[in-house]
Amino acid sequence: MDKDLLYRFFEGRASVEEMRLVKEWSEASEENSKLLRRERKLFNAIILSGRFESSDGQTTLRKRRNHFVREFLKIASVVAITVGITAALFSIGEDKEDMNVAMQTITVPAGQRVNLDLPDGSNVWLNAGTTMKYPVSFMKGKREVILDGEAYFEVAHNEKSPFVVRTHAMDVEVLGTKFNVEAYSAGHTFEASLMQGKVRVKSPANEKLAVVLLPQYKTTLKDGKLVVSKIDDYNVYRWKEGLYCFKNKPFARIMEDLERYYDLKIQLDKKSIEGVALTGKFRISDGLDYALRVLQKDVAFTYRRDKDNDVIYIK
């Protein structure tokens with residue numbers, strides 16, 4: 001597989017046809033699948049180290065790829081040092097002999113997404129603006145992570161060791177399954193969506209506040225209650241592919257999402273359009289100006305960018 005195509009895929013700039021080619025290639029053999037994961041980890045390492053530099057018109061994909069290889073050798077020790085410095089000791093579980101477990105913290109920059117494997121073999125995608133803490137090694141009989149943001153999990157099955165995602169609002173317990181959790185503490189939101197398997201969502205503070213989800217259903221925390229409904233649009237989970245998809249979403253909520261994706265402040269001064277519900281999708285890598293121009297086709301507004309303060313004013 002052409003490496004330039006792979007990096008376009010990782011950056012979210014591949015065409016639909018190129019995405020199909022990468023998918024078919026990765027599924028053709030286990031060796032291809034391992035190579036894809038290895039290249040993705042290299043890409044993620046560069047992003048997380050803060051050493052990735054966006055290309056300009058004079059920088060070729062081949063140069064960027066060579067830059068990746070050079071930088072990987074540099075950051076191997078940097079990552080190890082960062083883990084050592086940022087690791088904190090957390091007491092997890094209720095065993096009589098609790099152990100202090102070193103927790104690693106991953107924070108995803110605005111406009112990026114990260115794919116990583118956990119110590120138990122589970123795989124997780126982290127969306128922009130997400131922070132996740134997880135142990136360097138899971139303790140026997142328990143697998144727990146702490147999430148603030150949005151993540152898509154593919155949990156390795158282990159009946160003897162339940163997997164728990166702890167958030168600011170609810171805990172999600174599973175044995176082995178595929179599910180999406182959106183729980184940004186800053187936005188006071190919580191929603192868990194199940195694609196495969198079975199999960200139990202419960203409040204750590206109120207044992208009566210709990211639901212069991214079956215595939216193709218989701219639960220949303222509304223006014224202190226867990227509301228269960230059928231998933232009617234799977235496009236919204238395509239953020240893993242670098243797509244921002246929304247269905248019947250209020251304009252104000254869309255602006256909140258764009259703030260997170262592009263790491264700036266959007267001040268909505270035109271109150272009459274806050275509740276206008278919109279449906280659509282665009283590629284995050286196309287940029288904020290493109291997204292706003294698309295939205296202007298359905299909603300009447302103008303905007304001004306204050307580059308000095310990273311603020312967008314919408315009128």
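Colleague: Where does Glu-173 lie?

Modeller: In strand 8, residues 171-174. Strands here are DSSP runs of E with at least two residues, and helices are runs of H or I with at least four, both numbered from the N terminus. This is a predicted model, with local features needing pLDDT of at least 70 and side-chain atom pairs counted only at pLDDT 80 or more, while totals for chains, interfaces and linings use all residues. Residues are numbered from 1 along each chain as its sequence is written, and side-chain values use heavy atoms, with hydrogens and water left out.

Colleague: Does Glu-173 count as buried or exposed, or in between?

Modeller: Partly exposed, because its relative accessibility is 24%. Buried means under 20% relative accessible area, exposed means over 50%, and partly exposed is in between (1.4 Å probe, protein chains only).

Colleague: Which side chain makes a polar contact with Glu-173?

Modeller: The side chain of Lys-202, at 3.0 Å. A polar contact is a pair of N or O atoms within 3.5 Å; within protein one must be able to donate a hydrogen and the other to accept it, and residues adjacent in sequence count only if both atoms are side-chain atoms.

Colleague: And what else is Glu-173 in contact with?

Modeller: Setting aside neighbours within four places in sequence, the list includes Phe-163, Val-164 and Arg-200. Contact means heavy atoms within 4.5 Å.

Colleague: Next, Asn-180. Why does Asn-180 count as buried?

Modeller: Because its relative accessibility is 2%. Asn-180 is in strand 9, residues 178-183.

Colleague: Which side chains does Asn-180 reach with polar contacts?

Modeller: One is Glu-150, at 3.1 Å, and another is Trp-239, at 3.2 Å. Beyond its neighbours within four places in sequence, Asn-180 also has contacts with residues including Tyr-152, Met-195 and Tyr-237.

Colleague: Change of topic: strand 19. Which residues of strand 19 are buried on its faces?

Modeller: Val-311 and Tyr-313 on one side, Ile-312 and Ile-314 on the other, so both faces of the strand (residues 311-314) are covered.

Colleague: How many bridges join strand 16 to strand 19?

Modeller: Four, and the two strands run parallel. Two strands pair if DSSP finds at least two bridges between them. Ile-266 has Ile-312 as its bridge partner, and Lys-265 stands opposite Val-311.

Colleague: How do strand 18 and strand 19 run?

Modeller: Antiparallel, with four bridges; Tyr-303 is paired with Ile-314. Strands 18 and 19 form a hairpin with four residues between them, and Asp-310 in the turn has a positive phi of about 55 degrees.

Colleague: Last one. Which residues form the nonpolar patch with Val-228?

Modeller: Leu-214 and Tyr-217; the three together have about 260 Å² of accessible area. Areas come from the Shrake-Rupley method with a 1.4 Å probe, and for residues only the protein chains shown count as cover. Patch residues have over 30% relative accessible area and no salt bridge, with like charges joined within 9 Å and nonpolar side chains (Val, Leu, Ile, Met, Phe, Trp, Tyr) within 5 Å. A salt bridge is a side-chain nitrogen of Lys or Arg within 4 Å of a carboxyl oxygen of Asp or Glu. Val-228 is partly exposed because its relative accessible area is 41%.
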